[in-house]
Amino acid sequence: MLIVRAKGYLCAMKNVYQTQADMPDAGRLQISVESRVNRDPIPDAKVSISYTGEPESTFEELSTNESGQTQQLELKAPPLEYSMEPSETQPYAQYTIQITADGYQPVSVDGIQVLADQTAVQDIRLQPVGAAATWPDDIVIPANTLFGNFPPKIEEAEIKPVRQSGEIVLSRVVVPEYVVVHDGAPTDSTATDYYIRYKDYIKNVASSEIYATWPDATIRANVLAIMSFTMNRVYTEWYRNKGYNFTITSSTAYDQKWSYGRNIFSNISLIVDEMFQNYLSRPNVRQPILTQYCDGQRVSCPNWMTQWGSKYLGDGSAIIGLNQNGFGLF
C-alpha cells in the first residue's frame, strides 16, 4: 500500500530543430525578467525571439511590463500527438530569446521548449553591470530526457540502511527550503554547485524528465517519484556523508536531470505547488523511498516505475499506487 505523508552527465544529445512546416499546432510562452541581486522585477527589458538554429530569424520583439513580464505569446509547436508516443520526431519547438535592459548584462536563452497546448514559463535573472558574475549569463537548454540520449540510472537500494555511525543525521523528515545541486557527476570537481529552492528544483526536473502534455494523473505520479527520490537524498544526507558539499547532482546516471535556467511549464508548476510537501514511504519505514525510474522505452527497469508506462496507465486511470514491485498508476 501507498503511504503519503503531507507536511548527469549529459551524453550525446539530438540536435534537431523543427521547421515551421512541422509545427501546425500552438503553445504559449510567458517570460519574466528580474534582477539577480534583489529579485526585483525589471520593467522595459527588451526581448527578441527567434527560432533556435536560425539566429537571424527574429520574428518578435517586445518589452516587459511593470511586473517584469512580457505578454503571453502564442508560438508554433509540433503536433500534440508527437509527445503522446515514443518517437524519433522532436515533440516540442525550440526558441531562442535575447534579453537586454539598461544597467544590466544581456542574457540569451537557447532552446526554450514549447509544447502544443501548454504554457512554457521562462524566468530570467539579469546581472547588474559591474557586479561580479556568479552564475552563467547565457543559457543553453538541453533536450528533454525522453528525447535526448542520457546515461541510464545506476541502480541503488530503495531504502538506505540506518546505521549508528551517524549516516542518518535527521531525526524526522523535513521538506527543505533549498537544495544544493551539483551540475555534473559527483566526482566532477569542476562542476558548479547551485543553491536552488526545493520547489523550483522539482519543477525543473519534472519539466526535464516528462512532457507537460501528459495526463494530470501521470504528471502527479511522476512528481511524487521525483520528490520522494529527492527527499531520500535529503533525509539520508547521501552525498554529504560521502564527503561532498551538495544535496544531489544533475547527472541522470546518479540522480535526476536538472538544467540550469531551463523553462518550466505552468501546469507542472501548479501541481508541484500543490504537492510539494508529499513523499512516498513504505509501512514502518521512516525515510522517503528512493523512487528510481526509467523511460521504459530505450531503457528497461522491470522493478521501477517507467515514465512511458505511467503515461499509458494515466490515460485510463487516476489512481496512484505503490506495491511490492514499485511505484506506478493502477
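Predicted model: local features only at pLDDT ≥ 70, side-chain atom pairs only at ≥ 80, totals over all residues.
User: Which residues of α1 are buried, then?

Analyst: They are Y198, Y201, I202, K203, N204, V205, A206, S207, S208 and E209.

User: What makes α1 "mostly covered"?

Analyst: The count does: 10 of the 12 residues in α1 are buried. The helix, residues 198-209, lies across β10, β11 and β12, and runs at about 105 degrees to β11.

User: Why is F246 called buried?

Analyst: Its relative accessibility is 3%, and the cut-off is under 20%, so F246 counts as buried. You will find F246 in the loop between α2 (216-236) and β12 (248-249).

User: Which residues does F246 contact, leaving aside its neighbours within four places in sequence?

Analyst: F246 is in contact with V180, H182, P186, D193, Y239 and R240. Take P186: it sits 60 residues from F246 along the chain, yet their C-alpha atoms are separated by 9.0 Å.

User: How do you know that β10 and β12 pair?

Analyst: Pairing needs at least two bridges, and two bridges join β10 (residues 178-182) to β12, so these strands pair. They run parallel, and V181 stands opposite I248 in β12.

User: What makes β11 and β12 edge strands?

Analyst: The open sheet has the order β11-β10-β12, with mixed pairing. β11 (193-197) and β12 each have a single partner strand, so one side of each is left without a neighbour in the sheet.

Key. Residues numbered from 1 in each chain as written. Heavy atoms only, no water. Helix = DSSP H or I, 4+ residues; strand = E, 2+ residues; numbered from the N terminus. Buried < 20%, exposed > 50% of the residue type's maximum accessible area, 1.4 Å probe, protein only. Contact = heavy atoms within 4.5 Å. Axes fitted to C-alpha atoms, helices over the stretch in contact; angles between N-to-C directions.
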